[in-house]
Amino acid sequence: AAPGRAELVERAHLAEAARRWDEMVELAERIVRLSRQDQEQLSVEERNLVAVAFKEAAAGRRDSLFVLRDAVARARARGEARAGQALAYFNLVRGELEELCRRAIELVRVDLLPLAQLPESRVFYLKMMGDHERYCAEFDPRGADSGAAQAAKLAYEQASALAEAKLEAAHPIRLGLVLNRAVYLSEVLGERVAAERLAGRALRAAEEALPTTSALRAADAVPLLRRLRDNCERWAAV
């Protein structure tokens, strides 16, 4: 018999522990397909597994692309013949990243968002869409004018509007959204002042709300607040 969701979740945890991200992505997709067949929302555990799988699978490719982009720039600056070879390798890995991100985005758009009822889940999935569009925009030569950059902007704006209306200021999902949206503003659009302002407002609001936040959420919020503060200081220093 085909494995059920519970067994696939266990396999996904094993793949995560083994850092087998592409296999974890395939397991995550199977979990989502079964949830769609059952017309059931993902559990928080399943939702987090899906997000981790795609994020980590993308992270390795993004790390490679940052290295390869620098290699192309150095080779071109020196007039080296291997610049073309480095660019071809860059484009190969970029194609892998874009294919992975399209899978994540379509999974959210077609399978996950239609069944998501709670604001927390909808914000989570819209953020995931924005993140994966951002990953593509980071390496698109058109930069802020690329379709991926514009799609990321829309997804982040939709997620932010819902988060500000429905989630408390210190909610970890809302803070994670602000953190990533600010990175998008800074790194993709080059709007460091806007990024600092967004992060700063969120930081102040969350710190005010923290005393009345549940202990579990507060524990998750603290490291996100630290990262927001670090980013604010970094952007202010530029």
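How many aromatic pairs does the structure hold? The count is four aromatic pairs. The model is predicted.

## Aromatic pairs

The rings of Phe124 and Tyr125 form one of these pairs. Their centres are 5.7 Å apart and their planes stand at 90°, so the pair is edge-to-face. Phe124 is buried, at 13% relative accessibility. Tyr125 is buried too, at 3%.

Ring pairs also build a cluster. Its members are Phe66, Phe90 and Phe139.

## Helix 4 against helix 5

Helix 4 covers residues 83-112. Helix 5 covers residues 119-138. The two pack at an angle of about 160°, and their axes are 9 Å apart. Angles over 145 degrees count as roughly antiparallel, and helix 4 and helix 5 are therefore roughly antiparallel to each other. Their crossing is left-handed.

Helix 4 brings Leu97, Glu98, Cys101, Arg102, Ala104, Ile105, Val108, Arg109 and Leu112 to the contact. Helix 5 meets them with Tyr125, Met128, Met129, His132, Glu133, Tyr135 and Cys136. By class, the residues of this contact are 11 nonpolar, one polar and four charged.

## Leu87 in helix 4

Leu87 also belongs to helix 4. At 28% relative accessibility, Leu87 is partly exposed. Setting aside residues up to four places away in sequence, Leu87 touches Val72 and Arg76.

How far apart in space are Leu87 and Leu113, C-alpha to C-alpha? The distance is 36 Å, for a separation of 26 residues in sequence.

## Helix 5 against helix 6

Helix 6 spans residues 147-166. It packs with helix 5 at an angle of about 155°, with the axes 8 Å apart. That makes helix 5 roughly antiparallel to helix 6. The crossing of helix 5 and helix 6 is left-handed.

On the helix 5 side, the contact uses Pro119, Arg122, Val123, Leu126, Lys127, Met129, Gly130, Asp131, Glu133, Arg134, Cys136 and Ala137. On the helix 6 side, the residues include Ala148, Ala149, Ala151, Ala152, Ala155, Tyr156 and Ala159. The residues of the contact divide into 15 nonpolar, two polar and six charged.

Is Lys127 buried or exposed? Lys127 is buried, with a relative accessible area of 17%. Lys127 lies in helix 5. Apart from neighbours within four places in sequence, Lys127 contacts Tyr156, Ala159, Gly176, Leu177 and Asn180.

Arg134 sits in helix 5 as well. Arg134 is buried, with a relative accessible area of 5%. Beyond residues up to four places away in sequence, Arg134 touches Arg62, Ala152, Tyr156, Asn180, Val183, Tyr184 and Val188. Tyr156 and Asn180 are contacts of Arg134, and both are contacts of Lys127 too.

## Helix 7 against helix 8

Helix 7 runs over residues 172-188, and helix 8 over residues 192-209. They pack at an angle of about 165°, with their axes 7 Å apart. That makes helix 7 roughly antiparallel to helix 8. Helix 7 passes helix 8 in a left-handed crossing.

Which residues of helix 7 meet helix 8? They are Leu175, Val178, Arg181, Ala182, Leu185 and Ser186. Helix 8 supplies Arg192, Ala194, Ala195, Leu198, Ala199, Ala202 and Ala206. The residues of the contact split into 10 nonpolar, one polar and two charged.

## Positive phi in two loops

Arg19 has phi near 60°, a positive value in a residue other than glycine. Its loop lies between helix 1 (5-17) and helix 2 (21-38). Arg19 is exposed, with a relative accessible area of 59%.

Gln39 also has a positive phi, near 55°, and is likewise a residue other than glycine. Gln39 is in the loop between helix 2 and helix 3 (44-77). With a relative accessible area of 53%, Gln39 is exposed.

Key. Residues are numbered from 1 along each chain as its sequence is written. This is a predicted model: local features need pLDDT of at least 70, side-chain atom pairs count only at pLDDT 80 or more; totals for chains, interfaces and linings use all residues. Side-chain values use heavy atoms; hydrogens and water are left out. Axes are lines fitted to C-alpha atoms, for helices over the stretch in contact, and angles run from 0 to 180 degrees between N-to-C directions. Helices (H or I, at least four residues) and strands (E, at least two) are DSSP runs, numbered from the N terminus. Angles under 35 degrees count as roughly parallel, over 145 as roughly antiparallel, 65 to 115 as roughly perpendicular and the rest as oblique. A crossing is left-handed if the near helix is turned anticlockwise from the far one by less than a right angle, and right-handed if clockwise. Contact means heavy atoms within 4.5 Å. Ala, Val, Leu, Ile, Met, Phe, Trp, Tyr, Cys and Pro count as nonpolar, Asp, Glu, Lys and Arg as charged, and the others, Gly among them, as polar. Buried means under 20% relative accessible area, exposed over 50%, partly exposed in between (1.4 Å probe, protein chains only). Rings of Phe, Tyr and Trp (its six-membered ring) pair if their centres lie within 6.5 Å; planes under 30 degrees apart count as stacked, over 60 as edge-to-face and the rest as tilted.
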